[in-house]
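User: I have a structure open and would like to talk through some of its local details with you. Could you take my questions as they come?

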Amino acid sequence: MPRDVRPTPATPLPAAAPSPAPGPARLPVALLGAGQIGRMHAARMQRHADVVLAGVADPSPAARDWAGALGVPWAADAGELLDRVRPRAALVATPNQLHCPVALACIERGIVPLVEKPIADTVEAAARIAAAARTAGVPVLVGHQRRHNAMVQRARRLIAEGAIGRPVAVSLLAAWLKPDAYFDVAWRREKGGGPVLINAIHDIDLLRHLVGEVVSVQAVACSARRGFEVEDTAAAVLRLAGDALATLLVTDSAVSPWNYDLASGESELYARQAVDALFIAGSAGALALPQGNLWRYRGEGGAARHWHGELTQECTPVHHRDPYAEQLRHLRAVAEGRELPLCSAEDGLATLRATLAVLEAAAGGRPVVIGAAAEVHNPAS
Ligand SMILES: NC(=O)c1ccc[n+]([C@@H]2O[C@H](COP(=O)([O-])OP(=O)(O)OC[C@H]3O[C@@H](n4cnc5c(N)ncnc54)[C@H](O)[C@@H]3O)[C@@H](O)[C@H]2O)c1
């Protein structure tokens with residue numbers, strides 16, 4: 001395996017790069033749900049070469065005033081805005097429980113939705129989105145933006161090329177201290193709004209994307225720190241296809257740098273920490289993300305290739321690319337039929353199924369077998 005060491009560029013690369021869109025016009029994209037993440041997407045759209053913010057749907061007076069200040073059309077209702085503005089694509093950033101009706105409103109109008117994760121709050125609702133998309137022939141993208149991170153793409157390539165051999169054991173850490181004000185929004189305290197479904201779903205999607213399908217789950221959840229209906233802390237053991245085992249720890253109630261958000265530098269909301277949060281140990285090597293370091297026994301000078309030998313650590317910085325901006329470039333390319341979704345509705349559904357299995361296993365106190373239903377073909381892989 002050659003070392004993939006590339007020089008740091010003298011000037012930053014454009015936020016969204018590789019295949020430039022054919023025409024100069026930017027793709028009109030409606031924002032459906034203008035809360036915390038919706039506004040972050042809008043800020044990127046405003047400086048993006050491929051997309052333009054076509055309008056905002058959100059019933060809150062604050063969103064109406066914000067859209068007015070931006071000078072873009074506003075409606076309280078998603079369907080009303082879509083009928084008025086007729087965008088080519090839409091970004092669905094409503095509370096989880098509304099992803100399904102809002103995504104369906106897009107699909108029935110032939111508008112390509114990028115649905116924030118989770119694709120929906122239940123497997124049934126996610127399956128409805130996937131079925132409607134198939135019937136209408138409208139591609140759906142799911143906002144697992146980590147798949148657009150250059151370091152994640154490198155890790156996927158390395159694993160596929162056999163750099164770590166066969167994955168054996170994986171550990172995922174997702175621990176932070178969220179501010180109390182974050183929970184002033186009711187849906188984040190209620191069923192479907194806890195850190196497993198809001199946050200750990202990203203880690204489970206990475207696990208599926210990099211290592212393999214989740215086939216069974218055991219878990220324990222706890223809500224003792226915040227006392228809400230939803231968990232604040234959970235621990236899970238996941239069995240993957242190919243017999244790798246993974247552990248997952250998630251909490252929104254403890255001080256910790258060990259989570260992908262703080263460690264990846266993907267979002268300006270977080271002060272970056274130079275740590276890892278995802279550890280993959282294989283039969284021939286080990287990889288940790290998001291820093292991307294790779295460990296292997298080289299056996300140089302006849303040294304042992306096991307725990308008594310010398311373990312080599314390779315560090316390979318990659319060109320920085322904002323995954324959220326790259327996701328918007330990809331949205332345009334999918335809407336124009338030039339690319340297939342990197343995370344399709346079926347893929348989002350399989351990630352949701354595995355994530356909900358964590359909550360189900362914790363609630364039932366026994367393992368949940370996911371089985372063949374989770375086998376997913378990712379059209380873009
Ligand atoms: N990919 C990521 O990194 C990431 C990060 C944060 C949140 N999210 C996801 O994005 C979604 C939104 O999260 P948030 O933190 O921005 O929530 P939020 O509560 O801050 O914002 C949700 C917005 O949707 C609006 N809304 C409610 N009903 C609506 C309707 N019928 N039509 C249109 N808008 C409606 C609300 O008024 C609010 O402004 C969630 O699904 C969440 O899981 C993804």
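User: Where is Pro 118 placed?

Analyst: Pro 118 sits in the loop between strand E5 (112-116) and helix H5 (123-136), where helices (H or I, at least four residues) and strands (E, at least two) are DSSP runs, numbered from the N terminus. Before going on, note that this is a predicted model, in which local features need pLDDT of at least 70 and side-chain atom pairs count only at pLDDT 80 or more, while totals for chains, interfaces and linings use all residues. Residues are numbered from 1 along each chain as its sequence is written, and side-chain values use heavy atoms, with hydrogens and water left out.

User: Which residue is joined to Pro 118 by a cis peptide bond?

Analyst: That is Lys 117, and omega of the bond is about -10°. The bond from Leu 289 to Pro 290 is also cis, with omega near 10°, and Pro 290 belongs to the loop between strand E12 (286-289) and strand E13 (293-297).

User: What does the backbone of Lys 117 have to do with the ligand?

Analyst: A polar backbone atom of Lys 117 is 2.9 Å from an oxygen atom of the ligand, which falls under polar contacts (a pair of N or O atoms within 3.5 Å; within protein, one must be able to donate a hydrogen and the other to accept it, and residues adjacent in sequence count only if both atoms are side-chain atoms). An N or O atom in the side chain of Trp 187 is 3.0 Å from a ligand oxygen, and for a polar side-chain atom of Arg 188 the distance to an oxygen atom of the ligand is 2.7 Å.

User: Which residues come nearest to the ligand?

Analyst: Of the 25 residues around the ligand, the nearest are Asp 58, Asn 96, His 99, Gln 145 and Arg 188, and a residue is counted as near if one of its heavy atoms lies within 4 Å of the molecule.

User: Switching to H3, which of its residues are buried?

Analyst: In helix H3 (residues 78-85), the buried residues are Ala 78, Gly 79, Leu 81 and Leu 82, with buried meaning under 20% relative accessible area, exposed over 50% and partly exposed in between (1.4 Å probe, protein chains only). Seen down the axis of H3, these buried residues fall within an arc of 165°, so they line one face of the helix; the arc is that of the directions from the helix axis to the C-beta atoms.

User: What do they pack against?

Analyst: The buried residues of H3 pack against strands E1 (27-32), E2 (51-57), E3 (74-75) and E4 (89-92), and also against helix H4 (99-107); contact here means heavy atoms within 4.5 Å.

User: Last one: is Glu 213 buried or exposed?

Analyst: Glu 213 is buried, with a relative accessible area of 11%, and its place is in the loop between H7 and strand E8 (214-222). The side chain of Glu 213 makes a polar contact of 2.8 Å with the side chain of Arg 208.
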